[in-house]
Amino acid sequence: MKFFRKKIEEEMQVAQAGPMADDDFEKELEHLMTEEHGGKKKKKLFKKKWSRKKKIIVGSAVTVVFLFIAFKSVAGGKSAVMPVTTTPLKKGEVTETLSVSGPVQGTDSVEVVSNLHAEILELRVKEGDKVEKGQLLATLDDKDAKKGVDIAQNAYDLAVSTYKDKQLEAENGYAKAKQEFETAKANYNRTLLLYQGGSATGVELETATNTMNDAARELTTYTIKDGKPVANESYSLQIEKEAFELEQKKEALENTKVTSPIAGTVVRVNCKVGRFADKTDDDKPMFIINNLDVLEMKINVSEYSIGKVKVGQPVDINADILNGDTVKGEVTAISPTGEEKGGGSTERVIPTTIRIIDQNTKLIAGITAKAKIELQKAEDVWVVPISALIQNPDGTMAVASVVNNTVKYIPVKTGVESDIEAEIIPDEEGALTEGLQLIEAPSPMITDGMTVHVLPSQQ
């Protein structure tokens, strides 16, 4: 008798203490679902991980059944009234959230690299330094770059000089050819008149004709553009080629002064003085610069939850570095495509961005933080513990009220749900009232119209 009284008191304290932690629940459920027989234990009946909501409902129901069995044992097997604990119905707010985690990083991040095989002569910044756009980060040996510019400049100058020579040659040659053609043509016309008058032979006319035709063919060897002779196109193309090479060499010379492409904070320096710029530690970028004025989180949301996530939803963010504090965030971007989750799973995830709104927090880039996305919220509604919900065989929902120790089922529908609470909406208007006593965890043994014993509140 003393054993059962003690056990009842213990179970009442557990019931009043609220939902168990996940690990405690698993242990307690394992204990309750295992029976000793002949000094040996039967196999565990449950091995699958359950959701927090299901743990609350099943755990609470198991506790109620155990209490009833204990009461019945105390009564010596005689008829006993089912003991229940109740909670007063009241209005409040309930929020459905999605818990995710991911790395914190700057909103703008760049990797500064160099493909120059040039020695690093000077580093002008260190990790943690704030820099402005265009600020000098490192200086490289520029001797080879300068030599490359000189060679490219000479090649370009030669191409330009050659083009000018060929252009002048084309102009002079064309002028001479044109003059020779005009002379030959005049001689042909004169010879033709003489031949027609009998003063010139046919051989002389033929010679004048051939000379004129040769002069005409010489004119066709020149390229005419806008009525003027120009040098062969290959010479102008050579100038363009050498101009491009010169521009590349000048750019390489400019790149011996390594500068920051953005304003931000230097978060990584992977190079050293005396090393070559294109041979950094583990082939990492020379510098990584982040804009840390505004931070963000990159998370992956399951394809099964992404339908509830919207841009603009508020987010509560916490991390170990915050020492229990939370900061505010907001969903700012959702990728239009999913990707593989990995690890052999067929599930897809959708990359999502959370902008951290609060400024001057203890959060730093590079750490992992946890975020709760507020999917939806209901305010000034009837709110009950998840454990108080009854799912009927036909799928409808109800709650169990107790009036004068008699159970009455009240059909309801659920609205917004959190991990431990749910909004309820009565099927019949006026069926719910402030302070109505509802059974906290009705077991399948409790039926509509049943007489129960309400245990005293421990609060």
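## Ser114 and its loop

Let's start in a loop: Ser114 sits between strand S5 (90–112) and strand S6 (120–123). The model you are looking at is a predicted one, so please read the numbers here as computed from that prediction.

Is Ser114 buried or exposed? Its relative accessible area is 16%, and because the cut-off for buried is under 20%, Ser114 counts as buried. Leaving aside residues up to four places away in sequence, Ser114 touches Leu140, Ala277, Asp278 and Met286. There is also a polar partner within the neighbouring sequence: a polar atom of the Ser114 side chain lies 3.2 Å from the backbone nitrogen of Leu116.

Now over to helix H5, which runs through residues 202–219 and has 18 residues. From first C-alpha to last, H5 reaches 26 Å, close to the 26 Å expected at 1.5 Å a residue.

Which residues of H5 are buried? They include Leu205, Ala208, Met212, Ala215 and Leu219. These residues lie on the same side of H5, because they cover an arc of only 95° around the axis. As for what lies over them, helix H4 (143–196) is included in the cover of the buried residues of H5.

## Arg190 on helix H4

Helix H4 is also where you will find Arg190. With a relative accessible area of 48%, Arg190 is partly exposed; the reason is that this class falls between the 20% limit for buried and the 50% limit for exposed.

The side chain of Arg190 makes a polar contact of 2.9 Å with the side chain of Asn187. Arg190 and Ala208 are 18 residues apart in sequence, and their C-alpha atoms are 9.2 Å apart in space.

## The chain as a whole

Stepping back, the protein chain has 6 helices and 24 strands. It has 459 residues, of which 34% count as buried. The protein chain exposes about 28,300 Å², with carbon and sulfur atoms supplying 50% of that area.

Key. Residues are numbered from 1 along each chain as its sequence is written. This is a predicted model: local features need pLDDT of at least 70, side-chain atom pairs count only at pLDDT 80 or more; totals for chains, interfaces and linings use all residues. Side-chain values use heavy atoms; hydrogens and water are left out. Helices (H or I, at least four residues) and strands (E, at least two) are DSSP runs, numbered from the N terminus. The expected span of a helix is 1.5 Å times one less than its number of residues. Buried means under 20% relative accessible area, exposed over 50%, partly exposed in between (1.4 Å probe, protein chains only). The arc is that of the directions from the helix axis to the C-beta atoms. Contact means heavy atoms within 4.5 Å. A polar contact is a pair of N or O atoms within 3.5 Å; within protein, one must be able to donate a hydrogen and the other to accept it, and residues adjacent in sequence count only if both atoms are side-chain atoms. Accessible areas come from the Shrake-Rupley method with a 1.4 Å probe; for residues, only the protein chains shown count as cover.
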